[in-house]
Amino acid sequence: MADHPNTSLPEDRGYLSEHGFRSWALTMDHKRIGVMYIWTTLGFFVVAGILALLLRLKLLVPGPALFSDHTYNVLFTMHGAMMIFLFIIPAIPSALGNFFIPLLIGCRDVAFPRLNLFSYWIFVAGIAVTVGTLAAPMDTGWTFYTPYSAQTSAAVTALSFGLFLIGMSSILTGLNFIVTIHTMRAPGMGWYRMPLFIWAMYATSVIQVLSTPVIGITFLLLAAERVFGIGFFDPAKGGDPLLFQHFFWFYSHPVVYVMILPAMGIVSEVVPVFARKPIFGYKAIAYSALAIALIGFLVWGHHMFVSGMSTVAGVIFSFLTFFVAVPTGMKIFNWIATLYKGSITFESPMLYALSFIFLFIIGGLTGLFLGALATDVHVHDTYFLVAHFHYTMMGGTVMGLFAGLHYWFPKMTGRMFNETWAKSAWWLVVSGFNVTFFPMFILGMQGMPRRYAEYPAKYQALNVVATVGSWFLALGVIIMFANFIKSLRNGPLAPDNPWRGLTLEWQTTSPPPEENFHEIPTVTDWPYGYGSRNEAPRE
Amino acid sequence: MPYPTTLKASEVSLASHDVDAVFIFILAIAGFFFVLTQGLLIYFAIRYRKKKGVEEATPYITGNHALEVVWIVIPSLLLVAIFVYGLTVFIKMRTPLPNAAEIQVTASQFTWSFKYPDGRSVANELRLPLGQPVKLIMISRDVIHGFFIPAYRQKQDVLPGSYTYLWLLPKQAGTYDIYCSQYCGTGHSLMRATLIVMPQPQYQAWVAAELQKQQAGAQSPAERGKALFESAGGGGCHSIDGSPKVGPTLKGIFGSRVTLTTGQSVVADEEYLRESLEEPNEQVVQGFQPIMPSFRGSLKQDEIAALIAYMKTLK
């Protein structure tokens, strides 16, 4: 397939026609900004992934090995902080969201294109400051708990500033999306004709705008404590270390829905297309995104059941936590019901979407053990928790992202990728993922604490299994990216609508022209009208 | 947690039994939904896969209110059941046990120190008599730590500046791990201690022997140094058997030549060891982090001398 005759056609490169640094760096085209976000975030996914491989490699043996315990602590801090702040929070919203919100609602750009470019560049500035702190690497964990983070000699102050900038970018992007979705939908696209990805992005943006300022303020307080010695969190100065945890989780819990909701949006797009069936329970899925966003603000305390927070507070937070499970479970039932009586094909986007459902069910059900007070006391801060959040974040969000990347690759690049390679990569990613992370549930049940550079020898066997799994996972990701990169140049030209989707982005060319649509489409129906309507059964 | 192979609640302590019972309860519900959802997912995926070359018309099903109500209401009820059961046991775990013996737990980077009612203080080893309820009164000297006994399913963060509590009721004799579960710095993963549960008569005998040792009084400087080393938790960071921990080993330290982070090499004589206790981060041995706390003021000069005498014996 290397010598595909793509030279015979005069290729229309659409929005990709212009070349050169300035055409990217100063662009106000949401698609180009989206592409820059994709490269940036995936770059950090690779870096943080390599760090994870190093961590796993050290954990092959229980005692000292490879590098010092301090280095291990630095590496897990960087792995967590990069994965969270530089990859998983911006990966779907800022990257795919930027590219596809205007295309899915049928408009020419986001509401504030200049602000959008500004958001990208302060994101980059934030990254620069963050990466600059590597001069004095941090070892606090991505959670920065005080008073350790207020005392350690590492560059917490500089890092806070970097994350402050990244948070600002997040707020501005969210604001931009909210206004875009409210005001710029194509003629005829009422709220209930919006694709579910848009509903998910709307809920996500609301969380970003409302919760990110809190973490910004928290980082400022932390910096003030370190620089001016004002005692907000340090008990030696009259502060309260639990206050920091409350502030931190008041942001960091809602933000897990910033990570997961967009991935759920992608799954809601992909499943109907490949099942050739209307999405089951459209309104329920749409409203459940908003419900998750709302309840998500009220459950931060479930990270603190054993922190020294009062028993009564623990009880209330546990109760509210179980209510997040209801809309989440409902989404899962609705996706599965969408498959019923479909005509399902298993191209790579669908494989990743189904993997999302499969893995997220495990992530969700294991969350019950963490949400229930008595069992959380035992599994909190153990590998059970590590396994749980990797099942939701990697098994969930990252699988959703991979589904989206495969689904929209033809639209974004104008090329098709090699499906055989994509399927091989999928096998490795999904099986490697399970071999890596499933043993961690058992390790956690047996009491192995997280963030342990060295561990008692009795936990070694399962750690070896996990480490070996991580190599298969890594190989799968390498093959997936190699396939993408090779296809960028050599892939066959993509048709406008390779998956026969009904959402608006498939009505324009691949890749889309700079103005997205030669003529703005008029919407007359919802985007999930698959199947034959005269066969509609009464059940 | 019950080991996955034997779904039976552990009986080693009061809490372990109750927590495991909740765990098994949730596992049953989660297992049911796991089989249901994954079963349907896989069954539908196989049953309704597209047949080769045939474009089949699919029915236009957009939802079903009755079904959706069912899968909102039934899971909600089960979730409430899980919540209530988890809550009941949690409250029980946090209810003070009557006639509990009080033990003070002090956490510091990277040592656990246990102080018994009779005033004795022991580092990294907690001995409890079987069947005797115990209240741990815990505080940290520096950052947040987490006191975690996996076998007991009990965990509680230990804070600087305020007390937190844990109630234990050992029900089986044996030796159990204690871990620090809240990340606290370089030596976090080595901040481990041992819980030894002994039958009452053996426990009483142990207490009597310890007290006798204490009253024997006249200790040699090296013996006094050994006691100080243990009670101050020196073993958390420094081994005495030659293996490196967070800090260099003390085996054979006296009189040896050590290379510093500056590249200089010095002989570890009395003066070097005294300085290392009072200004520990001035001359750090290569390969280690400058993280040792200063003991200036907290150790008297004769105590420092006793510690050095003890280090001389570690050949």
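Colleague: Into which domains is chain B divided?
Modeller: This is a predicted model. The domain bounds come from an automatic or database assignment. One domain is built from two segments, 14–52 and 62–94.

Colleague: How far apart are the C-alpha centres of domain 1 and domain 2 of chain B, and how many residues does each give to the contact?
Modeller: The C-alpha centres of these two domains of chain B lie 37 Å apart. On the domain 1 side, the touching residues are three nonpolar, one polar and one charged. The contact takes five residues from domain 1 of chain B and six residues from domain 2 of chain B.

Colleague: Which residues of chain B does UniProt annotate as "transmembrane region", and what is the helix content there?
Modeller: The unreviewed entry gives residues 22–46 and 67–91 of chain B. The end C-alpha atoms of residues 22–46 are 35 Å apart, and those of residues 67–91 are 36 Å apart. Strand content is 0% in residues 22–46 and 0% in residues 67–91. Helix content is 100% for residues 22–46 and 100% for residues 67–91.

Colleague: What are the helix and strand contents of the span that UniProt calls "domain: Cytochrome oxidase subunit II copper A binding"?
Modeller: The unreviewed UniProt entry places that feature at residues 98–209 of chain B. The end C-alpha atoms of the span lie 28 Å apart. Its content is 9% helix and 51% strand.

Colleague: And what are they for the span annotated "domain: Cytochrome c"?
Modeller: That annotation, also from an unreviewed UniProt entry, covers residues 220–315 of chain B. The end C-alpha atoms are 17 Å apart. The span is 34% helix and 6% strand.

Colleague: Which element gives the most to the side of chain B that touches chain A?
Modeller: The contact takes 72 residues from chain B and 75 residues from chain A. On the chain B side, helix H1 (14–47), helix H2 (65–94) and strands S6 (145–149), S7 (154–158) and S9 (174–180) each supply at least two residues. By class, that side has 41 nonpolar, 21 polar and 10 charged residues. The most, 15 residues, comes from H2(B).

Colleague: In chain A, are H2(A) and H3(A) roughly parallel or antiparallel?
Modeller: Helix H2 (residues 30–58) and helix H3 (residues 69–105) of chain A have axes 7 Å apart and pack at about 155°. The crossing is left-handed. Their contact residues divide into 26 nonpolar, six polar and two charged. Angles over 145 degrees count as roughly antiparallel, so H2(A) and H3(A) are roughly antiparallel.

Colleague: How are H10(A) and H11(A) oriented to each other?
Modeller: Helix H10 (residues 282–295) and helix H11 (residues 311–339) of chain A have axes that come within 9 Å. These axes cross at roughly 160°. H10(A) passes H11(A) in a left-handed crossing. The two helices are therefore roughly antiparallel.

Colleague: Which residues of H10(A) meet H11(A)?
Modeller: From H11(A), the partners are A:Leu320, A:Phe323, A:Val324, A:Pro327, A:Thr328, A:Met330, A:Lys331 and A:Asn334. The residues of this contact divide into 10 nonpolar, three polar and one charged. The H10(A) residues are A:Ala284, A:Ile285, A:Ser288, A:Ala291, A:Ile292 and A:Ile295.

Notes
Residues are numbered from 1 along each chain as its sequence is written. Chains are lettered from A and ligands numbered from 1 in the order in which they are written. This is a predicted model: local features need pLDDT of at least 70, side-chain atom pairs count only at pLDDT 80 or more; totals for chains, interfaces and linings use all residues. Axes are lines fitted to C-alpha atoms, for helices over the stretch in contact, and angles run from 0 to 180 degrees between N-to-C directions. Helices (H or I, at least four residues) and strands (E, at least two) are DSSP runs, numbered from the N terminus. Angles under 35 degrees count as roughly parallel, over 145 as roughly antiparallel, 65 to 115 as roughly perpendicular and the rest as oblique. A crossing is left-handed if the near helix is turned anticlockwise from the far one by less than a right angle, and right-handed if clockwise. Two residues are in contact if their C-beta atoms, placed from the backbone, lie within 7 Å. Ala, Val, Leu, Ile, Met, Phe, Trp, Tyr, Cys and Pro count as nonpolar, Asp, Glu, Lys and Arg as charged, and the others, Gly among them, as polar. UniProt positions are given in the numbering used here, feature names are shortened, and annotations may be inferred rather than shown by experiment.
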